[in-house]
2 protein chains.
Amino acid sequence: MVPAMTDKSRYHHGDLRHALLQAGLSLLEEQGLDGLSLRAVAARAGVSHAGPAHHFATLKHLLTALAAIAFERFVAAMDDARGRAGPDPRSQLAATGDGYVTFATANPQLFRLMFSATRLDWSDAHLQETARAARQQLADVCEPVAALRGIATPGGREQLQLLVWSVVHGYAHLLLSGQLHDASCATRAPPRPDLESLLFGPP
Amino acid sequence: MVPAMTDKSRYHHGDLRHALLQAGLSLLEEQGLDGLSLRAVAARAGVSHAGPAHHFATLKHLLTALAAIAFERFVAAMDDARGRAGPDPRSQLAATGDGYVTFATANPQLFRLMFSATRLDWSDAHLQETARAARQQLADVCEPVAALRGIATPGGREQLQLLVWSVVHGYAHLLLSGQLHDASCATRAPPRPDLESLLFGPP
DNA sequence: CATTAATCTTGACAACGACAAGATGAGGAT
DNA sequence: ATCCTCATCTTGTCGTTGTCAAGATTAATG
């Protein structure tokens, strides 16, 4: 049985792992990835600086768990966007790509964490699975488009997936790195690449 | 006059700023971006831990200067690739995009540094200028392609530039973050998006 | 040659990740 | 009910880091 959460003065937290993840997510939003330290997470969760050690041996383990959560939300966001779009293949693909970019701009810190290669442990099974689900989400909406365009070979489909993924990922990353906010696009909002006209030609 | 470089036992270094940048570049290659500390750079340059302070007030300043150097090499690499290609617009664009990706894979640490938004000071004039030159490099090779495809409006050209930039940047970033090395592309080398067939249609 | 200012060193501090050793108490065994 | 076991959390410490302050050294200037 889980101890009463109202009792603040107890030695064992009761659900520290979950509390650490929540603290990590909120700190990530507020302070960014660089301001997220094990000690800060521990403090926000109300435990001592070495409290997390038993649940997350190292900072990389905590970040990996957070990244897996981020990938889950990422997939859910793309799924939502796809569900709100029309049933035709091009609408489905465009909506998913839009969901990709929209998630990145709405959750820049989560997105940055998800693709910060050196900070994560990619041998972790949960992270691998959630990241694979995100890839699959894009592949799923690419399939009908490939069929529509008469792309039959596996290599052709792979090319299409890679192209779509590269475009949305590159655009999202350029947005987050601030490369589209200066000089050329000073006043107005940065333009957005049009996936539909890219894949189906200008109307 | 620059003091003799052979005299090892002297208080003033003589060209510490340059030595720090060189030490930073070599450390970046060997240890990666995370292993690059001010103290390590100072040690490699042969000065005390607070030696860099006068030339680079903070770590962000040093990284910014290194990123500017990286952008210069980046532009030179794309320029080289473009020079070795045929004169027709599509070859020029394909070669430049190829140079973009090739530089990223050949200098992953430099590339990572260039686009690590939070670690750099983007108000720095030198960094802004070198990054602008890199953007211009892509815009230059996009222009003839836009003309060839009958794209006349500024918005259309901007769309093309943004598309090309997103594709090459996204692909480079996916490569560096290791997203293309697992599961689906286990054994063989990861595929490469074909800029030419993308922009000019399959032959 | 004397003064000034730039340059580098030494020393210190707070924050960090990580480790070790001990305190606490929850849950099962008896 | 009592004891035991072990997961859980705390306290203390170490080495490293970025940054600041104060002093030492020397180049440059007049």
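The crossing of helices H4(B) and H7(B) is right-handed, a crossing being right-handed if the near helix is turned clockwise from the far one by less than a right angle, and left-handed if anticlockwise. This is a predicted model, in which local features need pLDDT of at least 70 and side-chain atom pairs count only at pLDDT 80 or more, while totals for chains, interfaces and linings use all residues. Residues are numbered from 1 along each chain as its sequence is written, chains are lettered from A and ligands numbered from 1 in the order in which they are written, and side-chain values use heavy atoms, with hydrogens and water left out.

**Helix packing in chain B**

- H4(B) and H7(B), the latter covering residues 154–176, pack at an angle of about 25° with their axes 9 Å apart, where axes are lines fitted to C-alpha atoms over the stretch in contact and angles run from 0 to 180 degrees between N-to-C directions.
- The two helices H4(B) and H7(B) are therefore roughly parallel to each other, given that angles under 35 degrees count as roughly parallel, over 145 as roughly antiparallel, 65 to 115 as roughly perpendicular and the rest as oblique.
- The contact (heavy atoms within 4.5 Å) involves residues of H4(B) including Leu93(B), Gly97(B) and Tyr100(B), and residues of H7(B) including Val164(B), Trp165(B) and Leu176(B).
- Helices here are DSSP runs (H or I, at least four residues), numbered from the N terminus.

**Aromatic pairs**

- Over all chains the count comes to 16 aromatic pairs, a pair being rings of Phe, Tyr and Trp (its six-membered ring) with centres within 6.5 Å, and planes under 30 degrees apart counting as stacked, over 60 as edge-to-face and the rest as tilted.
- Phe74(A) and Phe103(A) form a tilted pair, 5.0 Å centre to centre with 50° between the planes, and this pair links H3 (residues 59–83) to H4 (residues 89–106) of chain A across 29 residues.
- Both Phe74(A) and Phe103(A) are buried, that is, under 20% relative accessible area, with exposed over 50% and partly exposed in between (1.4 Å probe, protein chains only).
- Tyr100(B) and Phe111(B) form an edge-to-face pair at 6.0 Å and 75°, and both residues are buried.
- Ring pairs link Phe71(A), Phe74(A), Tyr100(A), Phe103(A), Phe111(A), Phe115(A) and Trp122(A) into a cluster.

**Relation of the chains**

- Chain B can be laid on chain A with an RMSD of 0.0 Å by a turn of 180° and a shift of 0.0 Å along the axis, superposed by least squares on the C-alpha atoms of residues with pLDDT of at least 70 in both.
- That is the relation of a two-fold axis, and in chain B the C-alpha nearest the axis is that of Gly170(B), 1.6 Å from it.
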